[in-house]
Structures are given as structure tokens and as C-alpha cells.
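Hello,

Here is the structure we spoke about. Please load it first, then read the notes below.

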There are 2 protein chains.
Amino acid sequence: MTAMLTPEQIDHFMGEAIMEAHKAEALGEVPIGAVVVVDGQIIARGFNLRERLEDPSQHAEYQAIVEASRVLHSWRLPDAQVFVTLEPCIMCAGLIQQTRITDVYYGAEDPKAGGVHSMYHLLEDERLNHQVQVHQGVRAAETSEMLTNFFRKIRAQQKAAKRARKAIKHEQ
Amino acid sequence: MTAMLTPEQIDHFMGEAIMEAHKAEALGEVPIGAVVVVDGQIIARGFNLRERLEDPSQHAEYQAIVEASRVLHSWRLPDAQVFVTLEPCIMCAGLIQQTRITDVYYGAEDPKAGGVHSMYHLLEDERLNHQVQVHQGVRAAETSEMLTNFFRKIRAQQKAAKRARKAIKHEQ
């Protein structure tokens, strides 16, 4: 049986997931980070690399879970918890369910694609062979702001590029 | 726009997916195979390797789709169709949806875990940013029998092993 995590541990592990998200941001990727925890220790980390790796599966929690499987030499992770800064999508929810992870802790909601709370409750489906405890809103303000700021910056950059293109056209 | 596939092509591509499934079976894995098609040509193949690779994500269609992304240098596959011998699970349905694949053709139903027809209709959800056409029951008898025979063989092997253990115990 997995020991309950304290509020301090939960806060700490989400902080580590946020650190992973910053690594994604530094590479121009949407800032999403994740860690996998077993027995109160981080055994795997991941951050979003979908654009850079040109691979649709390279979400933060996906990377962390696959890395955890490598560490434990098993595709089943029945004693693991995953911490991720954004609500898992349908794909990642499916992966989490299949690995028998016990708990998912996430920060920001994903109203357009969230698979564990916003659009579907895939991890609580009693027809499936395993259910996962979902804990939403961990360090919610921080994790949401990180995404909002990222997209605001991207839009500002796009506007600046558009203005620059117009100015060049005008000069020609 | 992607050209419509003829019934002969659909039959042929599912035959190729069945060939991939046999590769999984030869390695003792559950026989599931997949191919990804663009412009009437197979550009990627995959078969189930979850046990051997100790990786929860290594489903047949997952492998084929990630391989297709590598081939096309993009995580978006807006002109691709996927053929898979078993109904995609929730994880693979999420992956398929995100890659913007146009059509999924599958053989056997998966009543306990199917994410595109049996338990959920994840690929037809109009709240998501892309919908995928689902074609079920392609070479359904063959693809179902392949799985039934595999599990029958596994059960027979387990029974034989149990009998052997009992016999040894009796002799001691």
C-alpha cells in the first residue's frame, strides 16, 4: 500500500514539476512539466517536447511515465503517483490508467482537452480495470499563470513579426 | 484532400496490419498490428511490444503513428489513415485524435477497453478540435480469431504448467 503524501510533499513535488515545465519553456515549447513519485521519491521526470521531437506523444507526463517504466523494468507502476502542471489529455489519461498509477496531482485545468476532469473523467470509470485518484488544482494559480504568460508572449511575438512584415512591405 | 480508399485497398492494408500482428505473436506478445497509410502507400508499421519493451505505450498503432511522425518530420499527420487489427484503446484514441489522422480502420472490437466504439466514441467528440472517421469490423472474423486463438493457447500452456507442477510435487 502506498503511504499518503503530506501537503508539504504534494507542494514540493508540484514545484519539481514546475521546474520541469520551465525547461520546456526555455526550448520554446508549451511549458508543461511532470514527475513520477514512488515511496516519496522522484524516480522520473519529463517536460513537453512535442515540437522539438516532432513526436505527438512527447507530453510531459508521458515522458515521465515511460522513463519510470524504464527505471522499474515494468510497464505496470502500481505504487506510483504522477504530478503534472496541466490536466492530462485523453492520451495521457489512457496511459496513466493502463499503468495502474494510484494518484494524479495536477495544477491548471485544460477546458479544451482535459481527459480527467474538464471533458472526461476517464480515470474514475468503474467499467475499466483500474481507477486512479485525481487531485486537481495543486498550485493552480502558478501553473495556470505560467501557461497564460507563455501564450501572451507568443501572441505578442506574432504581432511584432506581423508589424515588421508590414513595415518592410511599405518600404519596398 | 485525401483520396477515398477502395474496398480492395482497405482489405489489403488490414492484411498488412495482420502480418504485423503475427510478428508480435512470434515474440509471445498479444497479436496486434497496425500500419499507417498516406496517399495509398504504407509509410509506417508497428506491432504490440508492451511486455518486451517494458513500456506501457508500445501498442501497435502507437508505434506505427510515432514512426509515421518520424518519416514525415511532423507530429501532425493530417493526410494519414491508420489500420489496426484491434479497436484502439483510450490512450491510442487520444494520440490518433491529436495527430489529425483522417480515418481509423479496425478489425476486432475491444469491449473492455475500446475507446473509439465499445466504451467511448472519443474520435467523434465534436467538442474536440478534430474528429476522425471510424470504420469498424474490417476483416473482423480473422482479427478476432487471431486474438481468441492466442488467449486459448496461453490458457492451455498455463494449465499444462500447473499440471506439471502438481505432478512434480506428487513425486517428491
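**What is in it**

The secondary structure of chain A comes to four helices and five strands. Helices (H or I, at least four residues) and strands (E, at least two) are DSSP runs, numbered from the N terminus. From the N terminus on, the order in chain A is α-β-β-α-β-α-β-β-α.

Some ground rules. This is a predicted model, in which local features need pLDDT of at least 70 and side-chain atom pairs count only at pLDDT 80 or more, while totals for chains, interfaces and linings use all residues. Residues are numbered from 1 along each chain as its sequence is written, chains are lettered from A and ligands numbered from 1 in the order in which they are written, and side-chain values use heavy atoms, with hydrogens and water left out.

**Chain A overall**

The C-alpha trace of chain A spans about 70 × 35 × 30 Å along its principal axes. Of the 172 residues in chain A, 51% are buried. Buried means under 20% relative accessible area, exposed over 50%, partly exposed in between (1.4 Å probe, protein chains only). Take the contacts (heavy atoms within 4.5 Å) in chain A between residues at least 6 apart in sequence: 57% of them join residues at least 24 apart.

**Strand β1 of chain A**

Start with β1(A), residues 33-38. Six of its six residues are buried, so β1(A) is largely enclosed by the rest of the structure. Both faces are covered. Gly33(A), Val35(A) and Val37(A) lie on one side, and Ala34(A), Val36(A) and Val38(A) on the other.

β1(A) pairs with β2(A), residues 41-47, in the antiparallel sense over six bridges. Two strands pair if DSSP finds at least two bridges between them. Val36(A) has Ala44(A) as its bridge partner in β2(A). The hairpin of these strands has two residues between them, and Asp39(A) there takes a positive phi near 50 degrees. β1(A) also pairs with β3(A), residues 80-86, antiparallel over five bridges. In β3(A), Val82(A) stands opposite Val36(A).

**A helix pair in chain A**

The axes of α2(A), residues 60-72, and α3(A), residues 90-99, come within 9 Å and cross at roughly 25 degrees. Axes are lines fitted to C-alpha atoms, for helices over the stretch in contact, and angles run from 0 to 180 degrees between N-to-C directions. α2(A) and α3(A) are therefore roughly parallel to each other (angles under 35 degrees). Glu61(A), Tyr62(A) and Ile65(A) in α2(A) meet Cys92(A), Leu95(A), Ile96(A) and Thr99(A) in α3(A).

In chain B, five strands form an open sheet with mixed pairing, in the order β2-β1-β3-β4-β5. β2(B), 41-47, and β5(B), 133-135, stand at the edges with a single partner strand each, so one side of each is left without a neighbour in the sheet. Neighbouring strands of this sheet are turned by 20 degrees against each other on average, direction ignored. β4(B), residues 103-108, and β5(B) pair in the parallel sense over three bridges. Tyr105(B) has His135(B) as its bridge partner in β5(B).

Helix α1(B), residues 7-26, lies across β1, β2, β3 and β4 of chain B and runs at about 140 degrees to β1(B). Its buried residues include Ile10(B), Phe13(B), Met14(B) and Ile18(B). Among the elements covering the buried residues of α1(B) are β1, β3 and α4 (140-171) of chain B. Just after α1(B), Gly28(B) takes a positive phi of about 80 degrees.

Best wishes

Key
Parallel < 35°, antiparallel > 145°, perpendicular 65-115°, else oblique.
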